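Dear colleague,

I am handing over the structure shown below for your review. My notes on what was found follow it.

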Amino acid sequence: MHDLVYFYPEGHQAHAELGHPERPERVETIRLALEAVGWWEAYPRLDPLPPGEGLLSNVHDSGYLTSLQAASSRGQRLDMDTYTTPSSWQLALNSAGGALAVTEAVWNRAARRGFAMTRPPGHHATAQRGMGFCLLNNVALAAEYLIREHGALRLAIIDLDLHHGNGTQDIFWKRGDVFYLSTHQSPLYPGTGSLSETGAGDGSMATANLPLPPGSGDEAFREAVGTLIIPILDRFLPQMVMVSFGFDPHWRDPLGHLQLSAGVYGELIASLARWADENCEGRIALYLEGGYDLEAAAACSLAVNAALLGGEWQDSLGEAPRAEGRSWQPVLQQAKQIWGL
């Protein structure tokens with residue numbers, strides 16, 4: 001069994017728009033950081049598994065898939081934020097396929113941990129549309145793949161991006177087999193993810209949100225993991241933990257106002273990895289979402305890889321220069337009350 005496997009999106013540089021924050025350098029910075037510490041060559045990189053039409057249409061509406069492919073062939077934008085190029089459709093399929101490959105390796109115990117550098121990212125892509133820089137919902141497709149092809153019964157997606165993963169929440173909103181939990185800045189794009197959003201139908205109480213006010217940082221995230229996320233995992237007992245990894249909660253990120261440090265991001269992943277070791281045979285994988293400062297990209301990615309490997313790492317960027325606010329405390333208390341914690 002490998003300690004870790006990666007997916008790297010070969011050719012992703014062809015999905016680019018001049019001046020756009022979702023740019024190829026995001027992934028290349030991560031790769032270079034891993035190379036510098038000897039982790040890149042030490043662990044296998046997996047080829048993508050082609051997502052079949054049945055899997056794609058189980059997560060995304062067929063009409064959207066057709067329109068996405070057509071828009072990509074012409075290099076059209078899906079909205080004012082979300083671009084395509086003539087290569088984007090195939091690269092989106094590759095990104096989703098990379099998520100499948102890493103997920104399957106971890107599920108089958110060919111690898112202890114996985115890190116999929118899924119680009120284009122995915123957590124804003126709903127069943128009906130791409131948005132927020134996202135084309136196909138990589139983590140949702142990976143979860144559905146485990147359920148359809150490997151008989152998984154309970155999975156958990158923990159979304160640690162700056163922005164709420166409205167697409168992932170939307171896809172599993174009425175389902176009880178995938179628990180979705182998001183920490184995110186609020187108010188902020190896309191405007192979803194309130195405390196009251198907890199699922200519906202069979203998915204009632206299978207969605208949890210912690211909308212953190214600007215200025216929330218290391219203490220807020222430590223408390224959230226220790227007093228909300230881990231207790232909810234204890235209750236749901238997923239067979240695998242799937243983490244939407246955005247490095248934009250970092251205090252350097254230009255699009256947000258959270259104050260998470262890379263070191264504490266690593267602590268969060270280490271806590272989730274320990275939980276996975278104790279409860280689901282160590283099954284945990286990360287899937288790249290957002291994050292737009294390159295120094296934060298390197299630091300956060302090294303931190304989470306160290307956490308996945310059980311190693312140590314020093315955060316050269318350190319804590320946020322601004323004092324952390326306390327307005328997150330009543331929000332966390334309300335979330336705990338909703339969940340009876």
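The largest pocket holds about 180 Å³ of space, in what is a predicted model. Among the 13 residues that line this pocket, G263, G266, A303, G311 and W313 are the closest to its centre. Helices α8 (262-279) and α9 (294-309) each contribute at least two lining residues, and α8 gives the largest share, with five. By class, the lining consists of six nonpolar, four polar and three charged residues.

Helix α5 (residues 138-150) spans 17 Å from its first C-alpha to its last, close to the 18 Å expected for its 13 residues. The helix is mostly covered, with 10 of the 13 residues buried; these include V139, L141, Y145 and I147. G151 follows α5 and has a positive phi, near 70°.

Turning to the aromatic residues, the whole structure contains 10 aromatic pairs. One of them joins Y6 and F115 edge-to-face, with 6.3 Å between the centres and 65° between the planes. Y6 belongs to strand β1 (residues 2-7) and F115 to strand β2 (residues 111-116), so this pair ties together parts 109 residues apart in sequence. Y6 and F115 are both buried.

The ring centres of F133 and Y292 lie 5.7 Å apart with the planes at 90°, so this pair is edge-to-face. F133 is in the loop between β2 and α5, and Y292 is in the loop between β7 (284-288) and α9, so the pair links parts 159 residues apart in sequence. Both F133 and Y292 are buried.

Ring pairs also join Y6, Y8, W40, Y43, F115, F245, F247 and Y265 into a cluster. Finally, R283 lies over the face of W107, 4.6 Å from the ring centre.

Yours sincerely

How values were computed. Residues are numbered from 1 along each chain as its sequence is written. This is a predicted model: local features need pLDDT of at least 70, side-chain atom pairs count only at pLDDT 80 or more; totals for chains, interfaces and linings use all residues. Side-chain values use heavy atoms; hydrogens and water are left out. On a 1 Å grid over the protein atoms alone, a cavity is a set of points where a 1.4 Å probe fits but cannot get out, and a pocket is an open set with protein on both sides within 12 Å along at least five of seven lines; lining residues have an atom within 4 Å of a point. Grid points are joined across faces, edges and corners, and a volume is the space filled by probe spheres set on the points. Helices (H or I, at least four residues) and strands (E, at least two) are DSSP runs, numbered from the N terminus. Ala, Val, Leu, Ile, Met, Phe, Trp, Tyr, Cys and Pro count as nonpolar, Asp, Glu, Lys and Arg as charged, and the others, Gly among them, as polar. The expected span of a helix is 1.5 Å times one less than its number of residues. Buried means under 20% relative accessible area, exposed over 50%, partly exposed in between (1.4 Å probe, protein chains only). Rings of Phe, Tyr and Trp (its six-membered ring) pair if their centres lie within 6.5 Å; planes under 30 degrees apart count as stacked, over 60 as edge-to-face and the rest as tilted. A charge sits over a ring if NZ of Lys or CZ of Arg is within 6 Å of the ring centre and within 35 degrees of the ring normal.
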